[in-house]
Amino acid sequence: MPAYRSALFWFRRDLRDSDNAGLYFALKSAARVYCAFVFDRAILGALPRREDRRVEFIWESVRELRESLRSRGGELIVLHDAARDAIPALARRLEVDAVFCNGDYEPDATARDTAVAAALASEGRRFHRAKDQALFEKDEVLTQAGRPFTVFTPYRNAWMKLMEPFYIEAYGVARHARGLAAPPFPVEVPSLEALGFTRTNLARFPVGTGMQGAARLLADFETRIDAYAAARDFPAVCGVSYLGVHNRFGTVSVRKLASLALGREGEGARVWLSELAWRDFYFQVLWHH
């Protein structure tokens with residue numbers, strides 16, 4: 001990968017500054033890396049209610065992420081705009097050579113990324129996407145005929161055979177954090193109200209927000225994972241991980257989730273890995289179909 005003078009890292013479903021593949025590659029490839037997150041009007045505008053726990057969760061997690069980046073000498077540029085226009089415009093304003101992000105698999109997201117890549121290319125800028133949401137993606141787990149699986153059980157069996165410690169090694173962002181940069185203009189996080197939303201009852205739920213909330217849940221689940229296979233089907237007991245929303249918005253790394261179980265004995269660990277395989281399968285189905 002070529003060395004760049006400066007780059008922009010675009011946070012999306014990866015709201016953490018540790019073990020983040022795209023951020024790691026940006027810091028390895030550029031002398032100076034700016035960071036941004038966009039509250040995308042195209043997504044927010046389509047939501048039916050102004051009280052939305054997902055938006056509040058993201059907003060709280062973005063605020064924590066910003067403070068963490070600032071503690072490392074960087075900053076988070078937070079925009080409320082249409083992402084397909086805002087990212088090329090921000091890249092132009094910062095005069096970066098490239099934009100980095102982590103790949104997405106949903107049709108609307110891939111269409112947005114195609115538009116962003118084209119806009120950047122028209123101005124001579126590169127667009128790089130890393131694998132971060134999934135452990136195996138796109139064409140990494142295929143049938144013996146070289147086609148994507150359409151049934152989960154054989155996919156899971158092939159996935160399990162491929163899984164080894166190499167695929168869950170963490171990306172050492174901290175080793176390269178000196179490359180994080182603050183933009184030459186002031187930035188603020190828009191209030192929830194400025195985004196057009198209001199507070200919900202999110203705080204009543206024990207899931208927490210941001211990297212700290214994910215870390216607390218993960219530590220708790222580690223004490224219960226051995227019982228996961230049996231306890232997860234009973235709503236009246238504390239059997240599941242409660243990490244779903246953190247996994248969805250990337251406040252915890254999927255590699256960290258897999259490392260909790262890989263090499264561990266017991267049915268709980270096996271079933272937990274199977275759930276992570278299902279997530280990869282879902283991404284592959286989205287991508288191909």
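Visitor: What is the volume of the largest cavity?
Guide: This is a predicted model. A search of the whole structure finds 2 cavities of 30 Å³ or more. For the largest cavity, the volume is about 50 Å³.

Visitor: How many residues in the lining of the largest cavity are charged?
Guide: The lining includes Arg-13, Arg-16, Asp-132 and Arg-279. It divides into 2 nonpolar and 4 polar residues, and the charged ones number 4.

Visitor: Is Arg-279 buried or exposed?
Guide: Arg-279 sits in helix α11, residues 267–288. Its relative accessible area is 14%. Buried means under 20%, so Arg-279 is buried.

Visitor: Which residue has its backbone oxygen 3.1 Å from a polar atom of the side chain of Arg-279?
Guide: Beyond four places in sequence, Arg-279 touches Gln-133, Asn-247 and Val-254. Gln-133 is 146 residues away in sequence, yet 9.3 Å away in space, C-alpha to C-alpha. The backbone oxygen at 3.1 Å belongs to Asn-247.

Visitor: How many residues are in the largest nonpolar core?
Guide: Trp-159 is one of the residues there that touch the most other members. Leaving aside neighbours within four places in sequence, its contacts include Leu-135, Phe-136, Leu-273 and Leu-276. A second, separate core has 20 residues, among them Val-38 and Cys-101. The residue count of the largest core is 68.

Methods. Residues are numbered from 1 along each chain as its sequence is written. This is a predicted model: local features need pLDDT of at least 70, side-chain atom pairs count only at pLDDT 80 or more; totals for chains, interfaces and linings use all residues. Side-chain values use heavy atoms; hydrogens and water are left out. Helices (H or I, at least four residues) and strands (E, at least two) are DSSP runs, numbered from the N terminus. Buried means under 20% relative accessible area, exposed over 50%, partly exposed in between (1.4 Å probe, protein chains only). Contact means heavy atoms within 4.5 Å. A polar contact is a pair of N or O atoms within 3.5 Å; within protein, one must be able to donate a hydrogen and the other to accept it, and residues adjacent in sequence count only if both atoms are side-chain atoms. A nonpolar core is a set of buried Ala, Val, Leu, Ile, Met, Phe, Trp, Tyr and Cys residues joined through side-chain atoms within 4.5 Å. On a 1 Å grid over the protein atoms alone, a cavity is a set of points where a 1.4 Å probe fits but cannot get out, and a pocket is an open set with protein on both sides within 12 Å along at least five of seven lines; lining residues have an atom within 4 Å of a point. Grid points are joined across faces, edges and corners, and a volume is the space filled by probe spheres set on the points. Ala, Val, Leu, Ile, Met, Phe, Trp, Tyr, Cys and Pro count as nonpolar, Asp, Glu, Lys and Arg as charged, and the others, Gly among them, as polar.
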